[in-house]
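Welcome, and thanks for opening the viewer. Let's take a short walk through the side chains, one selection at a time.

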Amino acid sequence: MPKIYARRNLINYISRLSHVAKTKPVVNRAIFDVSSVKEFEKKVKRSDRPVIVDFHATWCSPCKALAPRITNVVNEHRGHVHLARVDIDELTDLALDYKVVSVPSLLVMYNGKVLNRMVGLQSSDYLRDWLNEIVRRSNKDW
């Protein structure tokens, strides 16, 4: 088959799939990266739901291991708990404001207050139990 026909076949195939490219990807709004202090104020401190704040760093191996675990645990709560990821190298002042001296550090915030914190790499089961206990104790307020 000459190159022209192969190229036309490819173009026809891509044009038939064009509807796929027009669909919007599914976005989990319960999990987000914080890029500024202003965004932190709006999405975390003023949230109508509890927010786990994951203070991490791109160079931190335990942070990389914790990320999928905490994401899965938050997803289990089906939007009732949000996850905000804060890179301490980009938002150093914010990390210092919340006395983050080691990463990974997790804070649970609700109504602008820190309810609980955890430092270090933890198993999925431990994270699940930790978050379930916080939700259970504070459920009357949420």
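Start by selecting Glu-76 and Arg-128: their side chains form a salt bridge, with N and O 2.8 Å apart. Glu-76 belongs to helix α4 and Arg-128 to helix α6 (residues 124–138), so this pair ties together parts that lie 52 residues apart in sequence. Keep in mind as you look that this is a predicted model. Colour by accessibility and you will find Glu-76 partly exposed at 40%, while Arg-128 is partly exposed at 23%.

Next, stay in helix α6 and pick Glu-133 and Arg-136, which are three residues apart, or about one helical turn. A salt bridge links Glu-133 with Arg-136, and their closest N and O atoms are 2.6 Å apart. Glu-133 is partly exposed, with a relative accessible area of 31%, whereas Arg-136 is exposed at 55%.

Move on to His-77, in the loop between α4 (61–76) and β3 (82–87). Is His-77 buried or exposed? At 15% relative accessibility, His-77 counts as buried, because the cut-off for buried is under 20%. Show its surroundings, and you will see His-77 touching Leu-131, Asn-132 and Val-135, leaving aside residues up to four places away in sequence. With Asn-132, the His-77 side chain also makes a side-chain polar contact of 3.1 Å.

For a last stop, select Glu-39 and Lys-43, four residues apart in helix α3 (residues 37–45). Their side chains meet in a salt bridge of 3.2 Å, N to O, one of six in the structure. Glu-39 is buried at 16%, and Lys-43 is partly exposed at 36%.

Definitions and conventions: Residues numbered from 1 in each chain as written. Predicted model: local features only at pLDDT ≥ 70, side-chain atom pairs only at ≥ 80, totals over all residues. Heavy atoms only, no water. Helix = DSSP H or I, 4+ residues; strand = E, 2+ residues; numbered from the N terminus. Buried < 20%, exposed > 50% of the residue type's maximum accessible area, 1.4 Å probe, protein only. Polar contact = N/O pair within 3.5 Å; in protein donor to acceptor, adjacent residues only side chain to side chain. Contact = heavy atoms within 4.5 Å. Salt bridge = Lys/Arg side-chain N within 4 Å of Asp/Glu carboxyl O.
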